[in-house]
Amino acid sequence: MADSDTPHTPHTPHTHPLLLPDAIHQAIQPGTALLRLETTQSREGLLDGAWWPRTRDIGTELPALISVLTGHLGPITRVGLDASAWNGLPTRLVIDGQVVHLVSDPVGDDTVLITRGHNDHFALLVVPPDTTADAARQAMARAVRADNITQAAQLLVATTPEPGDGPADAAG
């Protein structure tokens, strides 16, 4: 892999991790984690963060997410996700020398459940790979609000533009 294909590590210089530049999805290679986490310790909202994978290839996308989350949360032991939303779902992956178990949970394709230790769960909104940068930015920002009480699927619907809402359609 070229250097640009390697995932972000804590030692890589970068801009503020919570900002999403306009063309971020075109500039980011598969296997790079785009992640926002709630910045308070309260964990009162329904979601603890949001993840915008580049593809639906879990073997490419998950290692970067787990590496970044491990840096913030400590060792991740399990990931629950909807198998139908991903291209192949192994039962485990070895990431940074650590075994992470993957479990098909009926959480829906809009959510991933991250387990730290034995019972400490974090729920992340999964923004679909083909989402526009504006919609992804809005959904991710709403997901990490401490007062968020909106379910993941509803967040995605609320931030996805309807066909015909774009500037080109308004002119015609």
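Predicted model: local features only at pLDDT ≥ 70, side-chain atom pairs only at ≥ 80, totals over all residues.
Strands here are DSSP runs of E with at least two residues, helices are runs of H or I with at least four, and both are numbered from the N terminus. Two strands pair if DSSP finds at least two bridges between them.

A couple of notes on bookkeeping: residues are numbered from 1 along each chain as its sequence is written, and side-chain values use heavy atoms, with hydrogens and water left out. As for confidence, local features need pLDDT of at least 70 and side-chain atom pairs count only at pLDDT 80 or more, while totals for chains, interfaces and linings use all residues.

Now for the pairings. Strands of a sheet pair through backbone hydrogen bonds, either parallel or antiparallel. β6 and β7 run antiparallel and are joined by six bridges, with Val112 opposite Leu124 in β7. β3 also pairs with β6 in the antiparallel sense, over four bridges; there, Gly80 stands opposite Leu113 in β6. With β5, on the other hand, β3 pairs in the parallel sense, again over four bridges, and Arg78 has His101 in β5 as its bridge partner.

Val94 finds its bridge partner in Val99 of β5. The two strands form a hairpin with two residues between them. Asp96, in the loop between β4 and β5, has a positive phi of about 55° although it is not a glycine. With a relative accessible area of 62%, Asp96 is exposed; the cut-offs are under 20% for buried, over 50% for exposed and partly exposed in between (1.4 Å probe, protein chains only). In a regular strand the side chains alternate between the two faces of the sheet. In β4, Leu93 and Ile95 make up the covered face, and Arg92 and Val94 the uncovered one.

Contact means heavy atoms within 4.5 Å.

Next come the aromatics, and the structure holds one aromatic pair. The rings of Trp51 and Trp86 have centres 5.5 Å apart and planes at 15°, so they count as stacked. Rings of Phe, Tyr and Trp (its six-membered ring) pair if their centres lie within 6.5 Å; planes under 30 degrees apart count as stacked, over 60 as edge-to-face and the rest as tilted. Trp51 sits in strand β2 (residues 49–51) and Trp86 in the loop between β3 (76–81) and β4 (92–95), so the pair ties together parts 35 residues apart in sequence. Trp51 is buried at 0% relative accessibility, and Trp86 is buried too, at 6%. Arg56 lies over the face of Trp86, 5.1 Å from the ring centre; the criterion is NZ of Lys or CZ of Arg within 6 Å of the ring centre and within 35 degrees of the ring normal.

Over in helix α4 (residues 152–159), the buried residues are Ala152, Leu155, Leu156 and Thr159. These cover an arc of only 95° around the axis, which puts them on the same side of α4; the arc is that of the directions from the helix axis to the C-beta atoms. The face turned away from that buried side carries the exposed residues Val157 and Ala158. The buried residues of α4 pack against β6 (111–116), β7 (120–126) and α3 (133–143). One of them, Leu156, has 13% relative accessibility. Leaving aside neighbours within four places in sequence, Leu156 is in contact with Asp110, Leu125, Val126, Val127, Pro128 and Ala139.

Zooming out, the protein has five helices and seven strands, running α-β-β-α-β-β-β-β-β-α-α-α from the N terminus on. Of its 172 residues, 41% count as buried. Among contacts with a separation of 6 or more, 64% come from residues 24 or more positions apart.
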